[in-house]
Amino acid sequence: MEGRRPAKGKARQGHMSRTQSRMRGMQQVLERIRRAVKRDKDEKLTSLYHHVYNIDHLREAFYSLKRQAAPGVDGETWQQYGQNLEAKLQDLSARLARGAYRARPVRRVYIPKADGRQRPLGVPALEDKIVQCVVASILSVIWEEEFLGFSYGFRPGRGPHNALDALTVGIERRRVNWVLDADIRGYYDTIDHEWLVKFVEHRIGDRRVVRLVKKWLKAGVLEDGSWRPSEEGTPQGGVVSPVLANVYLHYAFDVWAHHWRQRRARGDVIIVRYADDFVVGFQHREDAEGFQGALRERMGKFNLELHADKTRLIEFGRLAAAQRKRRGEGKPATFDFLGFTHICGKTRKGRFTVRRQTMRKRVRAKLQALKQQMRRRMHRPIPEQGQWLRSVLQGHYRYYGVPMNARALGGFRQQVMWLWKRALGRRSQRGRITWERMRRLARKWLPYPHICHPWPSQRLVVRT
């Protein structure tokens, strides 16, 4: 499933992301670039910059941005920039053409993570978003011909469920007995700028495009009114950051891991990577331990470090339960990947399968956030609260609604119903919500769990 490509013909149109699909004027340009890259995989592209300052491309990039996104250091929203748009785009295009464009620092904000920590995000200025959107589309179509099949993060036509399905099918159908669950510590904040520029220059021979990338990397960060330079890392939240981060790990990890698997491994090896999270499955423990040691050295070479608490080598696979039972040990350990806990299980017919359940840590964090939001909405009309909770549950089902996860989905709905009852009961000192009334409200507003995704093998068959 790693090396397969989509069907020929019109199926390739599905590779474009939703943002890029809106940029109709650039499609022909991107298709010509893609054909040039595919025709000669060793030649550098030296004439790209004129596509960046093309005013039609800038206009399409502007309309592809999110309308309600937070403003950057310039304080300008999408609606404000849209006033007298043509004059502003003409000025931006002219500054790009004569080399007078200057990247502004990103505004640093923090969002809470499931484990209680905070994730730093960088919000670029609106003009920087427009230019980055054009450059990101160009870089994405170039490296789509380079990226390997086991890379799934931030790529057109791929998503987290594709990575989850590939991992499940790989473990079930290949001889996997050991799993290395790895995570890179602070990946976006530790990317080495010098190495990243070298990687970009592998395919980009247009020095003006490379200078644009350098400007964004060196723009710095504005936090609490004070500016500080950025010597390493790329701001998580920027339009071009996901593409650059993928390019970095493509050379730092993907190519190396693929060659290691072909030349050093004695048995089967599967690899699935989504952004900075990746899982590697091995047939032999010796291969797993050798790969883990070599991986640490490889990461250190590129200023990266494996997270000690989130990187584990565990016994996992179709033979893990029997072997551990024979040695007098407990059940095989589980591992987390993209919001799901992966468990060694069996089907009703007794065959080995990988069960996927919603991570308890994610559920607790989501319920805690819902509890706080319910307090703020406590005195809103019940139909308004019900519509909001319905959208919350539907979004939860759309991501976590995978086969064999129905019980966890049902438990989440029960917890939401209990929190809603508790919030409604606090609207008045006299008011009491009986469970009979609560069940009527739940039947009306809280949808029952449903499985939104097919079995992993079915999805892979359809895609290939």
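E127 and R95 form a salt bridge, with their closest N and O atoms 2.9 Å apart. The pair links distant parts of the chain: E127 sits in helix α7 (residues 126–143) and R95 in helix α6 (residues 85–98), 32 residues apart. The model is a predicted one. E127 counts as buried because its relative accessibility is 16%, under the 20% cut-off. R95 is buried too, with a relative accessible area of 16%.

The structure holds 27 salt bridges. Three of them are set out here.

| Salt bridge | N to O distance | Relative accessible area |
|---|---|---|
| E127 and R95 | 2.9 Å | E127 16%, R95 16% |
| E289 and R285 | 3.0 Å | E289 41%, R285 43% |
| E315 and R327 | 2.5 Å | E315 5%, R327 46% |

E289 and R285 both belong to helix α13 (residues 285–301). They are four residues apart, so about one helical turn separates them. An α-helix has 3.6 residues a turn, so residues three or four places apart point the same way. E289 is partly exposed. R285 is partly exposed as well.

The side chains of E315 and R327 also meet in a salt bridge. E315 lies in strand β8, while R327 lies in the loop between α14 (320–326) and β9 (335–337), so the pair ties together parts that are twelve residues apart in sequence. E315 counts as buried, whereas R327 is partly exposed. Elsewhere, salt bridges with shared partners join E31, R34, R35 and E145 into one network.

**Strand β3**

Strand β3 covers residues 178–183, and six of its six residues are buried. Both faces are covered. W178, L180 and A182 lie on one side, with V179, D181 and D183 on the other.

Which strands does β3 pair with? One is β7 (residues 277–282), antiparallel to β3 over six bridges. There, V179 stands opposite G281. Another is β8 (residues 312–315), which also runs antiparallel and is joined to β3 by four bridges. In β8, L313 is the bridge partner of L180.

Helix α8 (residues 160–173) has 14 residues. At 1.5 Å a residue it should span 20 Å, and its end C-alpha atoms are 20 Å apart, which agrees. The helix is mostly covered, with eleven of its 14 residues buried. Among them are H161, N162, L164 and D165.

Helix α4 (residues 55–64) has I55, H57, L58, A61, F62 and S64 as its buried residues. N54 caps the N-terminal end of α4. A side-chain oxygen of N54 lies 2.8 Å from the backbone nitrogen of D56.

Methods
Residues are numbered from 1 along each chain as its sequence is written. This is a predicted model: local features need pLDDT of at least 70, side-chain atom pairs count only at pLDDT 80 or more; totals for chains, interfaces and linings use all residues. Side-chain values use heavy atoms; hydrogens and water are left out. Buried means under 20% relative accessible area, exposed over 50%, partly exposed in between (1.4 Å probe, protein chains only). Helices (H or I, at least four residues) and strands (E, at least two) are DSSP runs, numbered from the N terminus. A polar contact is a pair of N or O atoms within 3.5 Å; within protein, one must be able to donate a hydrogen and the other to accept it, and residues adjacent in sequence count only if both atoms are side-chain atoms. Two strands pair if DSSP finds at least two bridges between them. The expected span of a helix is 1.5 Å times one less than its number of residues. A salt bridge is a side-chain nitrogen of Lys or Arg within 4 Å of a carboxyl oxygen of Asp or Glu.
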